[in-house]
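Which of them meet, and how accessible are they?

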Amino acid sequence: MKVTPEHNERIAKLTFAGVYPHYVAKVEKKGRTQKELHEVITWLTGFDDEAVQKHIESKSTFETFFQDAELNPNASLITGVICGYRIEEIDNPLTQQVRYLDKLVDELAKGRKMEKILRQS
């Protein structure tokens with residue numbers, strides 16, 4: 001599937017606070033914890049729990065969220081398909097970063113081992 005400019009704009013304007021509860025629900029429904037979710041978010045963005053909470057409270061858009069992030073140097077190792085898009089083929093950096101996060105949350109919910117999710121082996 002080809003990512004359109006309209007899709008990229010829609011992703012940029014989504015708020016992290018609006019999506020975060022869905023991430024929590026998804027992982028908890030599958031027996032994972034909010035702590036594990038935060039570990040994944042921290043690995044990808046460099047944010048500690050306090051920074052994540054600030055982005056939630058300020059209703060940061062994904063654009064602001066990822067502008068403030070220090071993306072993990074191994075983020076490019078996140079590959080595969082999420083929401084019908086092949087992550088490594090997405091040419092818009094912000095959309096790709098959001099899909100990185102979606103993919104990590106998906107892997108967590110599917111029960112993948114944390115060291116594999118965090119691309120440690």
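D106 forms a salt bridge with K26, with the closest N and O atoms 2.9 Å apart; a salt bridge here is a side-chain nitrogen of Lys or Arg within 4 Å of a carboxyl oxygen of Asp or Glu. Because D106 belongs to helix α6 (residues 93-109) and K26 to helix α2 (residues 16-29), the pair ties together parts that are 80 residues apart in sequence. Helices are DSSP runs of H or I with at least four residues, numbered from the N terminus.

The model is predicted: local features need pLDDT of at least 70 and side-chain atom pairs count only at pLDDT 80 or more, while totals for chains, interfaces and linings use all residues. Residues are numbered from 1 along each chain as its sequence is written, and side-chain values use heavy atoms, with hydrogens and water left out.

D106 is buried, at a relative accessible area of 11%, whereas K26 is partly exposed at 35%. Buried means under 20% relative accessible area, exposed over 50%, and partly exposed in between, with a 1.4 Å probe and protein chains only.

A second pair joins R119 and E107, at 2.7 Å from N to O. R119 is buried at 13% relative accessibility, and E107 is buried at 8%. Salt bridges that share partners also join K26, D106 and K110 into one network.

R86 pairs with E88, the closest N and O atoms being 2.8 Å apart. R86 is partly exposed at 35% relative accessibility, and E88 is partly exposed at 38%. The count of salt bridges comes to eight.

Conventions
Helix = DSSP H or I, 4+ residues; strand = E, 2+ residues; numbered from the N terminus.
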